[in-house]
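Here are my notes for when you have the model open.

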Amino acid sequence: MTKAIAFAQYGDPEVLHPIDVEVPEPGPGQVRIAVRAVGVNPLDRRLRSGELAERFAVDLPFVPGCEVAGTVTAVGEGVTGFAPGDEVFGGTMSGGYAEHVLLAADSVGHKPASLGWEEAAALPTAAETAERVLTELGVRAGETLLVHGAAGGVGTLLLQFARARGITVVGTASEANHDHLRELGAIPVTYGEGLADRVRAAAPGGAVHRAVDASGRGDEIPVSIELTGSADRVVTIANTAAHEHGVRFNGGNGERYHRQAYAAALALHEAGALSLPLHRVLPLAEAAQAHRISEQGHLRGKIVLTV
Ligand SMILES: NC(=O)c1ccc[n+]([C@@H]2O[C@H](COP(=O)([O-])OP(=O)(O)OC[C@H]3O[C@@H](n4cnc5c(N)ncnc54)[C@H](OP(=O)(O)O)[C@@H]3O)[C@@H](O)[C@H]2O)c1
């Protein structure tokens, strides 16, 4: 048997408890990983609270955790390119708050020795989301992209991927996160009343070509449509009501972008240009505290649990 952290009922962070589970055996196309670190995402706490229960039912007890870093301990039939002992990171839908997890091999990447376990665990979800959104939004080199919630886990990586593609980024964030955005090459602006004018003043030539909402606040959606000139040029990953304004929700239900996302992140890392700030690192046993911190919001980078 092996340990995991699960919830057996929906509720507050206190419903997270250690459980014993069988060490899982990898099926075809899967690898088993001894987890060293697991990234904490807003999805984890939204599944735990029951907020998503109607749209996204889970079997209880449920082990959250959709991104990990660790060592391969077994590979399933048909897996090539990975062997026991390999240091890797990867994305999944659940099961990461555990000592052992199964991942689909095509969502796994090799971890360079120079990349820490915690940083590697902070990478898969944000990288896949950033690569997917930038590609599907069709934003091009030389254009200006407005990113809402730019200092969070996804925003931090999305703006670095955008800068690497030659895109100018204007990012909304709390004042406390503005220096962080400047260090990553984005132009920070504050949320709220007068946002459109502040963004126009910050953007080169006053032009905004595309916008991504990762904050889910809601008030930025009409402003983004006004600035870009069309709801087609705006996408949200955080606001399921944005369709009321004709804005698409990008949820990653179709093609997955792990491979090219990892290549983009590791190219930046090799160039010494990848920043994966960790808002907080806690032991796995303190998963409930990690959820409380995530609920407070205003994160700068990711929360990571170590195993
Ligand atoms: N659709 C997808 O494929 C997908 C994938 C990953 C994540 N997501 C979703 O995308 C959103 C962002 O994810 P994330 O991992 O980047 O989250 P996160 O790390 O918690 O960051 C969210 C950011 O939102 C900002 N924010 C804006 N208004 C806020 C408010 N009223 N309260 C608290 N924070 C506020 C915070 O920074 P400031 O203090 O600077 O405002 C924070 O940096 C979440 O809703 C998540 O569920 C969707």
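**Notes on the model**

1. The C-alpha centres of domain 1 and domain 2 are 27 Å apart. Domain 1 covers 2-123 + 276-306 and domain 2 covers 126-249, with the bounds taken from an automatic or database domain assignment. Where the two touch, ten residues of domain 1 are in contact with ten residues of domain 2; contact here means C-beta atoms, placed from the backbone, within 7 Å of each other. The domain 1 side of that meeting place has four nonpolar, four polar and two charged residues. In that sorting, Ala, Val, Leu, Ile, Met, Phe, Trp, Tyr, Cys and Pro are nonpolar, Asp, Glu, Lys and Arg are charged, and the others, Gly among them, are polar.

2. A word on what you are looking at. This is a predicted model, in which local features need pLDDT of at least 70, side-chain atom pairs count only at pLDDT 80 or more, and totals for chains, interfaces and linings use all residues. Residues are numbered from 1 along each chain as its sequence is written.

3. Now the core. The largest nonpolar core holds 86 residues, and A121, A130 and L158 have the most contacts inside it. Domain 1 and domain 2 both give residues to this core, so it lies between them. A nonpolar core is a set of buried Ala, Val, Leu, Ile, Met, Phe, Trp, Tyr and Cys residues joined through C-beta atoms within 7 Å. Buried means 20 or more other C-beta atoms within 10 Å of a residue's own, exposed means 12 or fewer, and partly exposed is in between, with C-beta atoms placed from the backbone. As background, nonpolar side chains in soluble globular proteins tend to be buried together.

4. Which residues does A130 touch, leaving aside its neighbours within four places in sequence? They are V154, L157, L158, F161 and A261.

5. Helix α3 (residues 124-137) and helix α8 (residues 258-270) pack at about 105°, with axes 8 Å apart. Axes are lines fitted to C-alpha atoms, for helices over the stretch in contact, and angles run from 0 to 180 degrees between N-to-C directions. The two helices are therefore roughly perpendicular; the classes are under 35 degrees for roughly parallel, over 145 for roughly antiparallel, 65 to 115 for roughly perpendicular, and oblique for the rest. From α3, P124, A127, E128, A130 and E131 meet H258, Q260, A261, Y262, A264 and A265 of α8. That contact is made of seven nonpolar, two polar and two charged residues. Helices (H or I, at least four residues) and strands (E, at least two) are DSSP runs, numbered from the N terminus.

6. Two arginines sit in these helices. R132 is in α3 and is buried, with 23 other C-beta atoms within 10 Å. Setting aside neighbours within four places in sequence, R132 is in contact with N250, G252 and Y257. R259, in α8, counts as partly exposed with 14 C-beta neighbours inside 10 Å.

7. Compare the other helix pair. Helix α1 (residues 42-49) and helix α9 (residues 287-296) pack at about 105°, with axes 9 Å apart. That makes α1 roughly perpendicular to α9. Here P42, D44, R45 and R48 of α1 meet H291, S294 and E295 of α9. The contact residues split into one nonpolar, two polar and four charged.

8. Two backbone spots to check. L60 and P61 are joined by a cis peptide bond, with omega about -5°, and P61 is in the loop between α1 and β4 (67-75). H298, in the loop between α9 and β15 (302-306), has a positive phi of about 60° although it is not a glycine. H298 is partly exposed, with 13 other C-beta atoms within 10 Å.

9. A241, in the loop between β12 (234-236) and β13 (248-249), counts as exposed with 12 C-beta neighbours inside 10 Å.
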